[in-house]
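Please read it alongside the sequence and coordinates.

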Amino acid sequence: NRPATFRHRVYNGLLLLSVLCIMGTSVISLRTTGELQESVARASHTELVIGQLNRFWGVLGDSESNGLRYVLNGDPKFLSAWRVNVAEMGEALEQLATLTADNPLQVRNMEKLQALNMERAQFGAATMEAKSLEMAGDARAARAVRQRLRGGEGYRMLQELRVVVGEMLAEESRLLGQRSAQRNQMIRPWVLGYKKHPI
């Protein structure tokens, strides 16, 4: 009777130990899965910021092209396209401001970027207005357009924008590398475990 009772206790003890091991493994697995999902989400977020920065820079290039074409030949379709570009750049910056709000360094960069973009938009709008007046026969406006083209102010703003966008891309690339490495480090044990014990 005693041996049976002893065996029963040992059996119950082993059963309890197994249950506790399974529960512990499940908790660790759930926590690891949650951390992995969070890591993937952070990497995806960084890729989204990089995409928005590239979108902004691409539209900025289009605005440069359309603005210059209007100034050179006065075709109103280029003025309309320039205005659309300016609006698109504003939308891209709004999205970027939201996406980077959790990063103090990028918040400061965004402040610079928005200020430069506003300065450039105002400069461009004044140039477009002067061109429109020139086409209406205003000689002073024609001289103003030529001075703006030769003055280099537009080029200076473009180069400053390039520097800020470059700094923001560098920061996001650094974060992406860091977050991708963390994600890969978390995935590696699962991959190695699968290779040892394939389904």
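1. The outward face of helix 4, turned away from the buried side of that helix, carries the exposed residues Arg-140, Gln-147, Arg-150 and Gly-151. The model under discussion is predicted. Ala-141, Ala-142 and Val-145 of helix 4 are buried. These three cover an arc of only 105° around the axis, which puts them on the same side of helix 4. The general rule is that an α-helix has 3.6 residues a turn, so residues three or four places apart point the same way.

2. Helix 4 spans residues 139-151, a run of 13 residues. From first to last C-alpha it reaches 18 Å, close to the 18 Å expected at 1.5 Å a residue. At its start, a side-chain oxygen of Asp-138 comes to within 3.0 Å of the backbone nitrogen of Arg-140. Just after the helix, Gly-152 adopts a positive phi of about 85°.

3. As to the overall fold, the secondary structure consists of five helices and zero strands, and the pattern along the sequence is α-α-α-α-α. Of the 199 residues in the protein, 28% are buried. The accessible surface comes to about 12900 Å², with 59% of it belonging to carbon and sulfur atoms. Where contacts join residues at least 6 apart in sequence, 80% of them link residues at least 24 apart.

4. Is Asn-109 buried or exposed? Its relative accessibility is 4%, so Asn-109 counts as buried, the cut-off for that class being under 20%. With neighbours within four places in sequence left aside, Asn-109 is in contact with Val-164, Glu-167 and Met-168.

5. The count of salt bridges comes to seven. One of them joins Glu-91 and Arg-55, with the closest N and O atoms 3.8 Å apart. Glu-91 lies in helix 2 (residues 76-99) and Arg-55 in helix 1 (residues 2-73), so the pair ties together parts that are 36 residues apart in sequence. Both partners are partly exposed: Glu-91 has a relative accessible area of 42%, and Arg-55 one of 29%.

6. A further salt bridge brings together the side chains of Glu-64 and Arg-120, at 2.8 Å from N to O. Since Glu-64 lies in helix 1 and Arg-120 in helix 3, the pair ties together parts that are 56 residues apart in sequence. Glu-64 is partly exposed, with a relative accessible area of 33%, whereas Arg-120 counts as buried at 8% relative accessibility.

7. Which residues does the salt-bridge network join? Glu-119 counts as partly exposed at 30% relative accessibility, and Arg-156 is partly exposed with a relative accessible area of 27%. Salt bridges that share partners join Glu-119, Glu-153, Arg-156 and Glu-160 into one network.

How values were computed:
Residues are numbered from 1 along each chain as its sequence is written. This is a predicted model: local features need pLDDT of at least 70, side-chain atom pairs count only at pLDDT 80 or more; totals for chains, interfaces and linings use all residues. Side-chain values use heavy atoms; hydrogens and water are left out. Helices (H or I, at least four residues) and strands (E, at least two) are DSSP runs, numbered from the N terminus. The expected span of a helix is 1.5 Å times one less than its number of residues. Buried means under 20% relative accessible area, exposed over 50%, partly exposed in between (1.4 Å probe, protein chains only). The arc is that of the directions from the helix axis to the C-beta atoms. A polar contact is a pair of N or O atoms within 3.5 Å; within protein, one must be able to donate a hydrogen and the other to accept it, and residues adjacent in sequence count only if both atoms are side-chain atoms. Contact means heavy atoms within 4.5 Å. Accessible areas come from the Shrake-Rupley method with a 1.4 Å probe; for residues, only the protein chains shown count as cover. A salt bridge is a side-chain nitrogen of Lys or Arg within 4 Å of a carboxyl oxygen of Asp or Glu.
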